[in-house]
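Colleague: I would like to go through this model and ask what stands behind each label. Please set the values against the cut-offs.

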Number of protein chains: 2
Amino acid sequence: MIGKLKEDRVVAGKEAIEEIYETSYYGRPKNDNLILTLVEAAHLLYREKLEIEKEGESLGFEEYFKNASLLNPYFELKYIVYKDLRERGFYVQPGVADFRVYPRGGKPGKSSSRSYVYVHSERVALPLSVLLKNLESAGNVRKQLIIAVVDEESDITYYEVQESDPTGNMEQLYPSLQTPATMLEDRVIVWDGEASGKLYENGFYGKPLDQKRLQLSLVEGAFLLKNNIIEVTTRKDDNKLNFDEFCKRAAHIEPLFQRKYRVYEDLRTRKLVPKTGFKFGTHFRVYSEVKSASKIPHSEYLAHSIGTQHEFSLPVMSRAIRLANSVRKKMLFAIEADEIRHIDITRVKM
Amino acid sequence: MIGKLKEDRVVAGKEAIEEIYETSYYGRPKNDNLILTLVEAAHLLYREKLEIEKEGESLGFEEYFKNASLLNPYFELKYIVYKDLRERGFYVQPGVADFRVYPRGGKPGKSSSRSYVYVHSERVALPLSVLLKNLESAGNVRKQLIIAVVDEESDITYYEVQESDPTGNMEQLYPSLQTPATMLEDRVIVWDGEASGKLYENGFYGKPLDQKRLQLSLVEGAFLLKNNIIEVTTRKDDNKLNFDEFCKRAAHIEPLFQRKYRVYEDLRTRKLVPKTGFKFGTHFRVYSEVKSASKIPHSEYLAHSIGTQHEFSLPVMSRAIRLANSVRKKMLFAIEADEIRHIDITRVKM
């Protein structure tokens, strides 16, 4: 069987439709020809199911590979992923993203594809906007979105990306009380023993400094101040800070305070319990419900707040997701837009 | 017992030497007085072992805490760490770093301290230069260096920092051969089946593209080119690239190529086997020895190359170390200076 390299396609004759398309679904039949992408043709060449000619001369694998690599940006990466998916037994067709992948047992023309697979190099930053566009394309036709990241040694990691709508079970967002507190250098201290106990026990706010006093983080302090649970003064005088003044001071200490706070408030409003995720290198670890501070359950999510202009560094994303998954948590990226939007990215095996 | 707040110290009388210093080693005796740091005095006040006066007026805990917080930068953080160490049963004295900590069973005046503890907020970047200065101070007097990182909710994570001199057991750095290869977009392909097999089997270079061909990462390609194991051409013509030309092209694809390469070469020269650490979000995972590519052992280190001007973001450092430790690997930071220097940072329990 012979295919001819024409621009960025390989075109094979009528007999290829029967021998290649109808048996293993490479290419798309068109006017008595079979049109193959460069990647499909490379895989057939490797499998010795096809010879490829350019201007009448037969190309060896090495020659064809160099040619294709010049014609198609990231040809090698796409070939590596295509080959991997094929060898795992999936039928693969080109698509809006790089590939459409059929479910096990499914075939082009017989069933619909299940996933959109988007191929990306670990070296190249992935803009959130591109990710969201792909997620929308896939969502519109109810496909699963998969990002296939190829590392510098050509190992592939597959990530599934999904919209998420996390909700918890905390019916009471905070205890009903009002108590004074002091904003110190970068944290807030509640001095009253009873109030400290209630805030810690009913809502898992802060961390005890000792038996009587409670330390709150800046986001916790801001949230409780906004809801009139604490009254905050500084170390220097007795003037009470309002919410905006508090946030302004907090933003001075932590430049991304506003973004973190918006996500904190969103998560609390979703009846979840966010606490610092420092030990996991993320903004928050998130519990569905904490009935008592003396019996802390497993936290279900790690959440990291990002802006709409965010670009994912793939090694950093890889580390975040790997760490989250290693402690059985979902990794959420919370996008700070007019409404906070949550994206769940998980490593998957194909 | 009464102590007087004088500038940034609390001074107690002669009887305190006997009652406080000689029983529990708070403060330093000087001319019939006991001189306490603000942190030591706060802990004695909390424990109700000391009353503190300022200009003749007794201060409550809240008042004293606010005063001390204004006098001493990061007073709260230091207090939190001091209290934690004391409650774990250690004797603690002020030192060149924030604290000197005595070994269990050790006491000031009786034995020498074991660790220097340096307190740091998770919010503040930690310059490598500061870390190295502390490491040197501790090393000069043979103390262990501990960094106590306090997160925004006042949880403490202790890290031990050590110089490291990693070495492996690969007696042969690469197989003896010479073979052509092509630099594609961001990787290098070896086309010869026999050479591919030897490079993969004897040295664990690259990853097979298929049974005949081998893909090398850019650092692997550069190292093998420098040592005349491969000859590299581009896709466009047959001109051979020399090492400098190769590095220039690689640096265009990966801006930090030079830094990564220097660490790669250092690790290989130390008879170790570095491979990409992408899945762990670091530059390299490192094996002591790979006898055969068909039987890959556990990798012992993750290594990340950094420049001398590096500043550690503590949440990022925390994530890197936690992930490394969770897969039983040591986390090395390889500093690119005239000589590559390795620093091992590990989470420890005090």
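**Labels and their grounds**

Modeller: Chain A and chain B bury about 6,500 Å² between them, and carbon and sulfur atoms give 52% of that area. The model is predicted: local features need pLDDT of at least 70, side-chain atom pairs count only at pLDDT 80 or more, and totals for chains, interfaces and linings use all residues. Residues are numbered from 1 along each chain as its sequence is written, chains are lettered from A and ligands numbered from 1 in the order in which they are written, and side-chain values use heavy atoms, with hydrogens and water left out.

Colleague: What makes an area "buried" between chain A and chain B?

Modeller: Buried area is the accessible area (1.4 Å probe) that two parts lose on being put together, summed over both. The size of an interface is often given that way. In chain A, A:Glu153, A:Phe278 and A:Arg319 lose the most area to chain B, together 14% of what that side buries.

Colleague: How many residues does each chain bring to the contact?

Modeller: Chain A brings 71 residues and chain B brings 71 residues. Contact means heavy atoms within 4.5 Å.

Colleague: Why is the pair B:Arg123 and A:Asp186 called a salt bridge?

Modeller: The term asks for a side-chain nitrogen of Lys or Arg within 4 Å of a carboxyl oxygen of Asp or Glu. B:Arg123 and A:Asp186 have an N to O distance of 3.1 Å. The pair therefore qualifies. Side chains of opposite charge can pair when their charged atoms come close.

Colleague: What distance do you have for A:Asp165 and A:Arg270?

Modeller: Their closest N and O atoms are 2.7 Å apart, in a salt bridge. The two residues are 105 residues apart in the chain. A:Asp165 is in the loop between strand 12 (156–164) and strand 13 (179–183) of chain A, and A:Arg270 is in the loop between helix 9 (257–269) and strand 18 (273–277). Helices (H or I, at least four residues) and strands (E, at least two) are DSSP runs, numbered from the N terminus.

Colleague: Are A:Asp165 and A:Arg270 buried or exposed, and how do you know?

Modeller: Buried means under 20% relative accessible area, exposed over 50%, partly exposed in between (1.4 Å probe, protein chains only). A:Asp165 has 59%, so this residue is exposed. A:Arg270 has 17%, so this residue is buried.

Colleague: What label does A:Lys271 get, and what does A:Glu171 get?

Modeller: A:Lys271 has 32%, so the label is partly exposed. A:Glu171 has 63%, so the label is exposed. Their side chains meet in a salt bridge at 3.2 Å, N to O. The pair links distant parts of chain A, 100 residues apart.

Colleague: What about B:Lys271 and B:Glu171?

Modeller: They form a salt bridge, with closest N and O atoms 3.2 Å apart. B:Lys271 lies in the loop between helix 9 and strand 18 of chain B and B:Glu171 in the loop between strand 12 and strand 13, so the pair ties together parts 100 residues apart in sequence. B:Lys271 is partly exposed at 31%. B:Glu171 is exposed at 63%.

Colleague: Why is A:Glu76 called buried?

Modeller: A:Glu76 has 2% relative accessibility, so this residue counts as buried. A:Glu76 sits in helix 4 (residues 75–87) of chain A. Not counting residues up to four places away in sequence, A:Glu76 touches A:Phe65, A:Ser69, B:Leu184, B:Glu185 and B:Asp186.

Colleague: How many cavities of 30 Å³ or more are there, and what makes a space a cavity?

Modeller: There is one. On a 1 Å grid over the protein atoms alone, a cavity is a set of points where a 1.4 Å probe fits but cannot get out. Grid points are joined across faces, edges and corners, and a volume is the space filled by probe spheres set on the points. The largest cavity holds about 40 Å³.

Colleague: Which residues line the largest cavity?

Modeller: The lining is A:Lys279, B:Thr157, B:Tyr159, B:Ser318, B:Ile321, B:Arg322 and B:Arg347. Lining residues have an atom within 4 Å of a point. Helix 10 of chain B gives the largest share, three residues.

Definitions and conventions:
On a 1 Å grid over the protein atoms alone, a cavity is a set of points where a 1.4 Å probe fits but cannot get out, and a pocket is an open set with protein on both sides within 12 Å along at least five of seven lines; lining residues have an atom within 4 Å of a point.
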